[in-house]
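Dear colleague,

Please find below the sequence and structure that I am handing over to you. A summary of the findings follows them.

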Amino acid sequence: MNSTQNANDADWVPSPVQDYIAHTTKGRSIRALARKRAVHPSTILRQVRNCEARRDDPLVDAALRALSETDAHLAQKVSPITPISPVAAMPSRTLSKARMEREAGHILRRLCEPGAVMAVARDMDSAVIVREDAEGETLRTAVVEAELAQAFALQNWISCADPGARIARYFVTSTGRAELRRLTARDENRAQGFADAAAGHADWIAPNGRQAASRFIATETPLMGLSRRRDKAGKPFLSRELVQAGERLREDFVVADAGPDVTEDWRAALSPEPRRSLSRGALAARKRVTDALDDLGPGLQDAVLRCCCLLEGLEVTERAMGWSSRSGKIVLRIALQRLLRHYDSANGKQSPMIG
């Protein structure tokens with residue numbers, strides 16, 4: 001967020017945070033803020049104290065700093081805090097609620113995977129989400145921009161277990177899991193033609209008007225399931241390198257911010273859009289995805305696009321492509337082998353893991 005923008009200009013900022021910044025950096029009184037919100041002053045005071053208590057969290061503190069005025073005199077009004085890492089101190093760019101929600105589905109889904117954690121190190125300019133694979137090795141599954149990590153912490157979707165550590169570790173909260181269910185339900189309703197008004201409900205209303213059980217929100221990708229399978233010799237059906245190649249393509253696909261109808265015409269969905277401004281990172285990611293899919297060719301490219309990028313189940317992919325039952329996993333393994341060869345030949349053996 002630039003220096004001319006304040007908390008009230010960002011539609012994603014919770015109202016208690018807006019009031020906290022107005023009180024601490026602009027000198028607005030508790031009573032004035034209470035009158036504006038039509039609540040008792042004790043409510044505003046409690047929210048201000050709660051925001052102040054959360055400043056031990058490096059991402060929360062950084063978000064509050066970025067949302068505050070940059071004037072040195074006003075910054076002195078904010079209570080002193082412990083120096084934070086470069087990623088947390090980075091000023092965030094303009095962030096909209098629409099963009100945050102668009103990114104939240106993928107990031108929260110990754111954080112809901114078993115053993116997943118978001119790591120924020122002092123010498124890193126972004127956060128990374130990592131988890132252990134079936135062989136106990138650390139696998140990087142996503143990279144999160146600093147401004148998004150800060151916003152997620154401010155929304156209480158993630159929490160830090162050890163804020164004073166050199167590498168701060170964040171885990172998804174119950175609030176974050178609830179937000180993932182809401183976003184997933186909204187996307188499902190939109191896909192089925194339901195109005196957005198019903199998208200916030202994770203419970204399915206049966207045709208007879210009775211409420212059915214809550215829908216299960218899957219957080220496991222097809223690669224995760226296949227990575228635990230064993231062949232007749234007892235070896236993993238997918239090697240660690242093949243899973244990493246698929247995760248690497250998925251990461252680029254998310255950064256590429258593809259247009260609609262990817263399965264209809266993925267090349268058009270990944271082409272530069274004249275009416276839409278994309279960052280250099282997104283354009284570079286689109287080229288990497290396009291180069292990889294071109295190298296795979298028809299059939300194999302469909303397998304990785306659907307299973308790795310769009311997270312379709314193998315049975316869904318088999319039906320969509322007209323493949324015989326249980327053949328999808330074989331095609332996917334062949335596609336991942338070809339994808340790994342593409343990465344090795346194009347960029348060298350750059351593992352998506354972190355040390």
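Helices (H or I, at least four residues) and strands (E, at least two) are taken as DSSP runs and numbered from the N terminus. This is a predicted model, in which local features need pLDDT of at least 70 and side-chain atom pairs count only at pLDDT 80 or more, while totals for chains, interfaces and linings use all residues. Residues are numbered from 1 along each chain as its sequence is written, and side-chain values use heavy atoms, with hydrogens and water left out.

I begin with the strands. Strand 5 (residues 167-172) has a covered face formed by Ala168, Tyr170 and Val172, whereas Ile167, Arg169 and Phe171 make up its uncovered face. Two strands are said to pair if DSSP finds at least two bridges between them. Strand 1 (residues 117-121) runs antiparallel to strand 5 and is joined to it by four bridges; here Met118 stands opposite Tyr170. Strand 4 (residues 158-160) also pairs with strand 5 in the antiparallel sense, over three bridges, with Ile158 opposite Val172. Six residues lie between strand 4 and strand 5, which form a hairpin.

Turning to the helices, helix 11 covers residues 240-256. Helix 11 is largely enclosed by the rest of the structure, because 15 of its 17 residues are buried (buried means under 20% relative accessible area, exposed over 50%, and partly exposed in between, with a 1.4 Å probe and protein chains only). Just after helix 11, Asp257 takes a positive phi of about 50 degrees.

Gln18 is placed in helix 1 (residues 15-25) and counts as buried because its relative accessibility is 15%.

Finally, the aromatic rings. The structure holds one aromatic pair (rings of Phe, Tyr and Trp, the last by its six-membered ring, with centres within 6.5 Å; planes under 30 degrees apart count as stacked, over 60 as edge-to-face and the rest as tilted). Phe152 and Trp157 form this pair, which is edge-to-face, at 5.1 Å centre to centre and 65 degrees between the planes. Both Phe152 and Trp157 are buried. A charge sits over a ring if NZ of Lys or CZ of Arg is within 6 Å of the ring centre and within 35 degrees of the ring normal. Arg248 lies over the face of Tyr343, 4.1 Å from the ring centre, and the charged end of Lys329 sits over the ring of Phe237, 5.4 Å from its centre.

Yours sincerely

How values were computed:
Expected span 1.5 Å × (residues − 1).
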